[in-house]
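Q: I'd like to learn how to read a few local features from a structure. Can we go through them one by one?

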Amino acid sequence: MKTTEPPAPLPAERGPAVTKSDTAGARTGRRKETEGTVLNVFSHGVLVIWAIMVVLPLVWAVMTSFKDDNAILTSPWSLPDKLHFDNWSRAWTEANMSDYFLNTLLVVGGSLIGTMILGSMAAYVLARFDFPGNRFVYYLFVGGMSFPVMLALVPLFYVVNNMGLLNTIHGLILVYIAYSLPFTVFFLTAFFRTLPTSVAEAAFVDGASHSRTFFQIMLPMAKPGLISVAIFNFLGQWNQYMLPTVLNTDPDKKVLTQGLVQLAVSQGYKGDWSGLFAGLVMAMLPVLAAYIVFQRQVVSGLTAGALK
């Protein structure tokens with residue numbers, strides 16, 4: 001009788017073979033993850049330290065503006081026993097901070113409007129139109145940013161004096177506009193180049209003029225960039241001290257930075273440190289408020305110019 005042998009058992013199923021390359025890849029991934037975690041912790045630590053270095057002096061200045069002179073000199077780091085609002089009223093009235101504040105608003109407001117109008121128009125033409133000398137004019141504006149203001153103070157003084165604009169508000173406005181135009185044109189030229197050309201071409205097809213296309217179509221599209229450069233110009237013009245010191249010596253037309261310096265110099269005779277800190281906070285608050293209100297627009301304007 002013929003017998004049949006049982007079939008040979010099937011080999012056991014095995015998982016996928018682990019190679020040396022897979023092991024090395026896993027190790028590399030874990031190492032990169034560890035390095036990324038360390039870098040993340042380090043960068044956040046640096047940002048926290050930087051934030052403390054920036055915020056702490058501001059908080060201390062605001063806190064000190066509500067103290068009296070005795071508390072400022074004896075316990076400068078302690079909280080005020082009570083809020084001395086008379087420091088602010090005294091700085092506003094007796095130190096003439098109200099006049100300095102009004103003059104600064106007139107100068108910065110007029111120069112900011114003029115800078116944004118002229119700068120945006122020049123940047124639009126340089127970015128969207130090709131004509132002989134286009135790059136030459138653009139590099140003239142760029143070169144204006146690298147020219148030190150201190151080298152131009154003496155000839156600028158004589159030019160403004162010969163034009164009869166010395167010790168005048170409108171003369172200082174014109175100087176501020178010329179001072180801020182190079183950066184404005186440089187920034188907005190790069191921004192206008194990122195705007196779609198098809199929108200302007202469609203407006204021309206519909207019969208719109210160049211001026212109407214610029215003011216009603218292209219300028220609203222460039223709103224993020226306009227807000228960003230306006231904030232930077234506002235900061236620079238608000239804190240400007242050298243130009244008004246040379247070109248504006250009339251006591252009735254001094255701006256806020258000149259008033260703060262005069263208030264600080266007078267401390268050697270009066271010792272009104274509480275009024276000095278109150279005036280300092282007064283000059284600081286508009287800048288902080290402007291940046292807090294428009295911080296999202298500033299960030300979006302800086303990033304939008306890099307994206308098509």
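Q: Let's start with accessibility: is Val 54 buried, partly exposed or exposed?
A: This is a predicted model, so keep in mind that the values are computed from it. Buried means under 20% relative accessible area and exposed means over 50%. Val 54 has 38% relative accessibility, so it counts as partly exposed. You'll find Val 54 in helix H1, residues 20–64.

Q: Which residues make up the nonpolar surface patch?
A: Residues can join a patch with over 30% relative accessible area, and nonpolar side chains are linked within 5 Å. Here Ile 49, Trp 50, Met 53, Val 54, Val 55 and Val 59 make a nonpolar patch of about 610 Å². Val 59 is also in helix H1, and it is partly exposed because its relative accessibility is 48%.

Q: Moving along to H7, how does its N-terminal end get capped?
A: Look for a side-chain atom that reaches a backbone nitrogen. Thr 168 does the capping, with a side-chain oxygen 3.1 Å from the backbone nitrogen of Gly 171.

Q: What does the side chain of Ser 209 reach?
A: Another backbone nitrogen: that of Arg 212, at 3.3 Å. Ser 209 lies in the loop between helix H8 (197–205) and helix H9 (210–221). With a relative accessible area of 37%, Ser 209 is partly exposed.

Q: Last one: how many salt bridges does the structure hold?
A: Look for a Lys or Arg side-chain nitrogen within 4 Å of an Asp or Glu carboxyl oxygen. The structure holds one: Arg 90 with Asp 86, their closest N and O atoms 3.6 Å apart. Both partners lie in helix H3 (86–93), four residues apart, or about one turn. Arg 90 is buried because its relative accessible area is 19%, whereas Asp 86 is partly exposed at 40%.

Methods. Residues are numbered from 1 along each chain as its sequence is written. This is a predicted model: local features need pLDDT of at least 70, side-chain atom pairs count only at pLDDT 80 or more; totals for chains, interfaces and linings use all residues. Side-chain values use heavy atoms; hydrogens and water are left out. A polar contact is a pair of N or O atoms within 3.5 Å; within protein, one must be able to donate a hydrogen and the other to accept it, and residues adjacent in sequence count only if both atoms are side-chain atoms. Helices (H or I, at least four residues) and strands (E, at least two) are DSSP runs, numbered from the N terminus. Patches are made of residues with over 30% relative accessible area and no salt bridge: like charges are joined within 9 Å, nonpolar side chains (Val, Leu, Ile, Met, Phe, Trp, Tyr) within 5 Å. Accessible areas come from the Shrake-Rupley method with a 1.4 Å probe; for residues, only the protein chains shown count as cover. Buried means under 20% relative accessible area, exposed over 50%, partly exposed in between (1.4 Å probe, protein chains only).
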